[in-house]
Every structure is written in C-alpha cells, then in structure tokens.
Amino acid sequence: MKKFTLAFSFFLFSSLAILAQEVKGTIVDENKEPIPGVSIIIEGTTTGTISDINGFYSLKTDQTMFVLVYKYIGFADHSEEISLSVGEVKELNVTMETEAELLDEYVVVGYGTAKKRDVAGSISSVSSDAIMSVPTPSFEAALQGQASGVSVTQGSGLAGSSSIIRVRGISSISASGDPLYVVDGVPISQDQFITGNSGGMNNNPLAAINPADIESIEILKDASATGIYGARGANGVILITTKRAKGNGLSVDFSTRFAVAEPTAIPNMMNSAEYLQMYQEAWENDGNAGQAILPGGISWEDAQNTDTDWVDETIQTGFKQFYSVGLNYKKNKIGTYANFTYDGNDSYLKGNSYNRMSGRINFDWNVSDFFKINLSTSLSSADNNRVDAAWSGGLGAAMSTALPIYPIYWQEDVLDNNGDTLHTKGDFWNDGANPVRDRETKTWINNELRSINNLSLIFIPIKNLNIRFTGGYDYMRLNEQRFFPADYSAGDSRGFSDVNSHVIDNYNISFVPEYSWDYGEDNHFKILGGVEYQYNKTDGEYITLQDAPGLIDNNINRGDSNVVVSPYVIQEYSFTSYFSRFNYNLKNRYYFQVSGRIDGSSRFGRNYRYGFFPSASAGWIVSDEDFWNVDFINYFKAKASWGITGNANFENYARYGTFSPVDNGGNYGGNPIIYPIRLENPNLKWEVSNGIDLGVEFGMKNNRITMEISYYKKWASDVLLQVAVPPSTGFDTFWDNVAKIENSGIEFGIKARVYERDNFSWTTDFNISRNFNKITSIGLYSPDAVGGGTNDTRVVVGEPVGTNFLVRYVGVDPENGRPIYLDIDGNQTYAWDPKDRVPVGSVLPNAWGGWTNTFTWKNWSASLLITATLGANIYDSSSKRQLGVVTDWNMRTELFDRWTTPGQTDAEYARLTMDEANYGSSTVWINTDQWLKKGDYARFKNLTLAYTFPKIGKDKFSFSNLRIAASITNFLTFTNFEGLDPEIARDFENNADRNMSQNVTYLTPPQERTYSLALSFTF
C-alpha cells in the first residue's frame, strides 16, 4: 500500500508538471520590430523570463490567475491580466509603446502645471522619493546634488539647522540672496534672523515643514520660469507641492526610521600636558622666567593633575526616530490625503534635539462639473532643545576657551578670606569656561508652532475656462525660552528667565482665471491672468523675570516688579500684484510664452511704488521636423528665454529715516534727546535682474538617455547696499540701490538607464554646474563701507560677492621665527596692517554637482549619492586663535609644527608667543590668507540598501510595498581641507553676512554621519 501511495503521488506530481500553464508570444515595438531582452515577470513574485533576439518569450507557471509585467529600457511598462485553465498554453503577443516620459511628464510652474515638453524655461524637479531617501536636519538639505545650477550647502551638526541654497549664483549683497519658497501656492515666511544668531545658530523657518508631506519640489531657475513672480523671482523660486489623494479607494501608508548619529570629524585639540608645554614655551619665548601664570587662576599642580577632554564631554551618539502614517482615500468626487508624523532628532551634541509633530489634511471635492474645492491645511509643533555652539559655547568652547587644565567640578571645598564656603567639592567649576556646567544648568527651548493653509475655489463656467479663487494663511509662532539658575553668572545670586516671542501672520489671496483654446488642428493657445495680494505682520515681545524659579509660563504676572515686558516694533509689509501669461503652441512643435507682472510693495520708496517685470521664451522640438534623421537621438529640443525679475527681500522699513530710541539717546541738560541714525531714501526700490537662458534637451535611444545643457547670464543692477556713511553727515547707515553684479554659468545634466536585463537594472543621474560671479560696480563706496561680511569678506569690484580681502602671508622667517607678510605693493614685511589687504583666493567653486546611481536586482535595490565641490577656498577663521598667538584658547595639535630654533626652514607655524606684537599686530584677530584653505571635496552623501517584499495577503487584507532599508549618510569624504568639515553652513549675523561669508567657518559643529534602518508598507 505504501508503494502504491508513493507511485500515485509521483504520477500526480508528474501530471501536474505536464499540465503546467504556459504563456508565450512575441514582443514588438510600434514599428513591429522585435524587442530582445524584455523582462517579463509575474507581479509580486520573482518568477520571470526575458525575450530572445527575435522578441519571443515563453513562461511556465503553476498559477492560473496572475498579472504579467513587461519592462524594457526606453519603453513604457506594460501589464496583462492572465486567466488560464489548468494545463492551458496561451499565445500572447505584445506591442510595447515608446516611453512618453519626456512628452507627458508634468511639472509645476507658477500658478499652474505644464507638460515638460511644452516648457521652454529652465525648471528642475525633485521627487518625494529623493527627498525622503536622505535623513537631513531639514528637508531643503535633501536637494543637494539633485538639480543642476542649484548650490546647496548643508547646515551644521545642530539639530534643525538650515542650509544655504543658491540658484544660479548670488545676485544680492545686503538684501537676501535666498530663493522664494511657495508651498501649495502660498509664498511662506522665511526669516532666518528672527532670533538673530543666538547660541551660534540661526532660526530655520523651513524645519517645521514635514518632508513626508511633500509630493515634489520644482526649482524655477531662469527668468521665463520665475518671471511670473516678478519682484521676488530674481534669486529663483522653489515650489513645494504636497501630496493629495490619488488612485481609487482607501489605502494607508506607514513608514518608520531609526538612526544613530555621530560627527563626521573630531577636533584634534591638545590635551593638558601638550597645552602646558606649548603655553610654557610661549611664556619663555617672550623673555619670562619661571612657570607661566595659567588662565583661570589654575595652579600648575592642579593643571598637571587635570586632563579634561571637553570634546568628549560635549558630544554623544545621537538617536533619531521617525514615524509617519498617511491615509489616502479617493472615490467618486471626493479625495482626502491625511498624514501624521513624529520626527525625533537627537543630534550628536549632548542636550541638543529637534522634535517635531506634524499633521496634514488635503481635501479635494469635485462638487460638480463646474465647481471644485481644494483644501490644504497643516499644523506642526516643534521643540528645539538648544545648546550653545560655535562662538557661543558647547562644542565651540571645547575647541577654544574650555582648556584641558580646567576641571568640570570643584575637587575640594574652597573658602573665602572669612572662612566661609565659597565653592563646595562636587559643584560645577566656574572660574573659566565650562560647557558641561552651561549645558546642565541652563534650560533653553525654542518652540515653533506653524500652520500653512490654502483654500481654492475653482469655477469652470465653460469648457477650458478655469477661474480660481485662492486664500492662503501661513501662521508661525516662535518662542525662545531660557532659564539661568542662581549663580549661573558670577555675582548673580538670583535666577533669571526670559522669553523671546514672535508671531508671524502671513495672508495671501489671489484671483486667477485661465483659458485655453484651439484654432484648427495646429494652433493651441492658453492665457492666464491674475491679481494677488499678500500681507505679512510680525509682532512680538521680550519678557524677563528676575528671581525666576524656572521657565516663564503663560500665567506670568506682568505687573510683578521682577517682570519687564519689552514689546518689539511691529514689522509689516505688503505686496499688490497683477500678472498675466500667454502660451502659444504651434503643431506641438513650436512653443512661445510671454509673461508680465506688476508688483507694488510697501518696502519700496514713495518714488518707486511699482515695478514691471516682463519675460519671454521659445522652444522648438527639432526632432519632430521632417528633415530630422538622427536615428540615435529621438528627441531634441532647443529653447531660449529672456526676462527681467526683481528681489524685494530686504528690511521692511529700509526706506525710512530712523532715530535713536528716547531711552537710549542720552540727555542734554537733564532732558532726553534723540538723534538720527539712518538716512531716508524715497528712491529705494527692488533689485533688478536681467537674464537670458539658452538650452537644449536630448532624448536618445528611445529616451533611454536624456540630457540637458544650459547656458545663462544675468545682469543684476540696482543691487542694494546698506552702507556706512561719513560721521559728518550726522547719520550711521544708508540703504542705496547702487551696485551691479554679473552671473553667468553652464549647467549639464544626464539621466540614463544604463542596463536593464535578467532582473538587474542600473540607472544613473549626474549633474554638474559652473557659475561665474563678478561685482561690476559699487558706485562711489569703498569695500569697507558695506557692512555684513565677517572675517574680512568684502565687496570688491571685479571680484565675486564676498571675496576674501586679506593680508597675504608669506611664511615663517627661518632666523627668528616671526611671520612674514606682504604689504600692498608686494614687499615683505613683519607688520600686519589692514591697509595691506587685497582680494585673495576663490570664493566660488570651479564646479559642483551630484551623481546618483541606483541598482536593482530582483527585489533588492541599492542607491548611492555622491556630491562634490571643486576649486573653492574655505576661510577657517578659528585657526587664527587655535594656531596663532597663544592665549586663553586651547590649541590644535598641528601647532606642534612650529618654529623652535634659528635656521629652521620647514616650520609651518611661527614662533610661539603670547604677545601679538611679536606677530606685527595690535590684535590677536590676525586675518591673513594663511587660514584660507582648499575646500575641494567629494562626499559619499548617502548609501541605501533595500529589499522590497512581494505582496502579502489578498484583496482588502494585504500589504504591499513592504520595504526594509538600511542607509548611511556622509560616510566617506575625500578632501584636502585642514579643518573639520569642508561642507557646513555656519551661523550668520544678517543677510549681508549670509551672502558674503558663506565660505567662512568659525568653531562650527561639523555635519553628522547617520546610520539608519527604515521600514515602510501600504495596506
């Protein structure tokens, strides 16, 4: 019986194998030519085959109902639902269509969308996948390396830090050089200096935006693309589109990510023994005898018994956690997208974190064929647990004033002259810099509440006419709270607390009708017009409380004698705008666009209330012409554009003359006085940018390879300068439209599906850019008259914005160890004199770019992003204190290579001294090009390895897109830079500093390296 059973089982198995179902056929293109190498896979499995040289394929399976997916480079994916009976052999011939990505892909443009094929302007698109693939302090940092012509310098290692984004160079000096950000049609508030640079960090107004909500980002670069934004388009426009309901039915997306973080580099500071050796050597070099008098009143015995590693005391392994749940529902006329996200971001700096909770609802209702409603609303609440950084302390102190001879705690009781206890053993040591004490005793929290909302009512009274009424509201409340306990400051026995509070209300309303029509088969027209009004108000107050037990709460008694409330001057501005755009498409081959916008703003002087900003562009699909016979180029478009745009992002009341406050004006004869500070300018207006753009787009091998090359040139005039005026005028500063700047550049981008066969594919995306920047005029002003640039970065005619203006350093005199400089005429001298400064170095890189490679094999995928910058210099400003005159700063170990004996020719650094006069200076802040370093680098920005599981379950009870991914960011950097990190954005004092000192670093925390594990799925 057992043998019979075995025989029967074998017979049954063999019969089923013989009766296995089969699908076979031939795959051809639209010209009926066979396509070899097509991948045919049963959806949700790894079962598949490929077509042979004749396009023939055959696939056997034990399934009877399944979906076949056909894939090949340059062709649109094709799928077939298969239903077979047991043992059936089905012949299925397939015609694959050329991929229409270049033809049908839509991009977001100002006040609408357009087919990429129809656009003659220069626009770069970044997908949500690209944004979410790189864990960053804020979403805008993920744009790095993703778009040509767009320079992104990521923020420091501080949680929530901001990045610097420049679109096709910098055309501003005292006004903001940042692009305009528009979220779902609402131009949002983006003031980085609302809290100054307290704690060595600027506020990042973009950090509250949830990257999980973003569907796509479009970067408008040339004048024809940005011209529709008129007086605010000169520095580029970044359009952020959030996710909306799509598909049919209900689905839920869940994603989570866990990560740990560490700094990309560790400062090489001296330990206690090394510091004492160098300090004593400097002491003796200056002719002193005996042991040196140490900083902080530290005895030599205590110093030799103390060796505090302050860097280790200020950094940690940061932990990050991210959770996002998204709901997508669309059925009939209603669609809803909702999302809730928690993002907990602990940096590698002890005590520092940025934790954000955010929610969003996007609702679409097609009420009828004539009326639609679109609603977008979001709410984010973020707590930034602050620590001092850079010049303010923390890791910055560990690299400067926190000496290794300083202890963290008092090692014994200390009595005063009366025998009373002055310091208790175990208390925090406070006779010098102690970043641990500062961190552990001070409470410092920034809370940001932000809501971005948009309601659109769309009327379609007749075919092809859309009338859109839109109201937007952007609300931001920022509270900076601090608490300093008793004895935090020397001699202060009372606790102190303060709140720096700001509220921004940003309203935007617009009326935009759009009509399209055809004339015959070849003529296609579209016209758009609109009126827009924006009003922005910033209000706030500064509250202090003496004898504070903790942070100030909302129930504080404002009448208390210990409470001081100081309201801020209300900041308001408004824009009134009228705009229009006309598009003409001839034969789907020739494209023309003209646009114009009139902008009026309260920021402009009374003699220049309104500005007009026109633009025009044209595109030609050359490959659609009958004469085109280049077989390997299936798509070729030539395009050109011209336009005038403006920049109106400067101080709200810059046009007004200002006077000193009464309480700060002093007195005369016992009576209060006021005096003028800033001169009025009734002619103040927007900055003007006149630009051209020439470009070509290629599609080769059925769009298997796509390329875009662009050349641009921009002439900026009436560039704003905030200048210092002679004291004899009775004023301090003056805003004036006087400078001129030129930008020109070349951009190149290529995308290719290099290989796709046998369940393996390789795609690559590469872009590289070069920008030339030159100031051509600053009127009658001198470089030093323009404020804002730190560390001797200046505006110099004939040089780029923010050129390093420094005394030239020659080297060390082998005989006496003194530093040698060059005077203005190039003669060697021992004297350091600011009058000898000249333009040196290269502020701008020769090239920058990004390269993304993505590999897939069956259900596995790997992606690598490499970013690079070549040819720029970085001014390592803190080096002049760490490697210069010996002071109360710690030193870096590079200083071991200093001059010690006469005749020494290979010393990198001068003879140690505590007296700056020995370095030919009257200050220890000796700016020379000795600290100007090569900033070239190539960084492996992100590496991700992922596995996507086949669909789990059936019908309504199924999981799809289940994906597990591991990634590393900033894991490898190739650079000759001698400082910590060649790629960081430090804190800035104002817009001019942000424009002019981008290549300066000063005790700035390096970026972080993260190791993360992510999980996502849909059900």
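This is a predicted model: local features need pLDDT of at least 70, side-chain atom pairs count only at pLDDT 80 or more; totals for chains, interfaces and linings use all residues.
The domain assignment divides the protein into domain 1, covering residues 2-97, and domain 2, made up of 98-248, 352-385 and 433-802. Taken over C-alpha atoms, the centres of domain 1 and domain 2 are 52 Å apart. Contact between them involves 14 residues of domain 1 and 11 residues of domain 2. About 1000 Å² of area is buried between domain 1 and domain 2, and carbon and sulfur atoms give 49% of this area.

Four strands form an open sheet in the order β3-β2-β5-β6, and their pairing is antiparallel. The edges are taken by β3 (48-50) and β6 (78-83), each of which pairs on one side only. From one strand to the next, the twist averages 20°. Strands of a sheet pair through backbone hydrogen bonds, in either a parallel or an antiparallel sense. Six bridges join β5 (residues 65-71) to β6 in the antiparallel sense. Opposite I82 of strand β6 stands F66.

N235 is located in the loop that runs between α4 (223-226) and β17 (237-242). The relative accessibility of N235 is 4%, which is under 20%, so this residue counts as buried. A polar atom of the N235 side chain lies 3.1 Å from the backbone oxygen of S176. When neighbours within four places in sequence are left aside, the residues in contact with N235 are V167, S171, S172, S176, G177, D178, P179 and N647.

Note on methods. Residues are numbered from 1 along each chain as its sequence is written. Side-chain values use heavy atoms; hydrogens and water are left out. Two strands pair if DSSP finds at least two bridges between them. Helices (H or I, at least four residues) and strands (E, at least two) are DSSP runs, numbered from the N terminus. Axes are lines fitted to C-alpha atoms, for helices over the stretch in contact, and angles run from 0 to 180 degrees between N-to-C directions. Buried means under 20% relative accessible area, exposed over 50%, partly exposed in between (1.4 Å probe, protein chains only). A polar contact is a pair of N or O atoms within 3.5 Å; within protein, one must be able to donate a hydrogen and the other to accept it, and residues adjacent in sequence count only if both atoms are side-chain atoms. Contact means heavy atoms within 4.5 Å. Domain bounds come from an automatic or database domain assignment. Buried area is the accessible area (1.4 Å probe) that two parts lose on being put together, summed over both.
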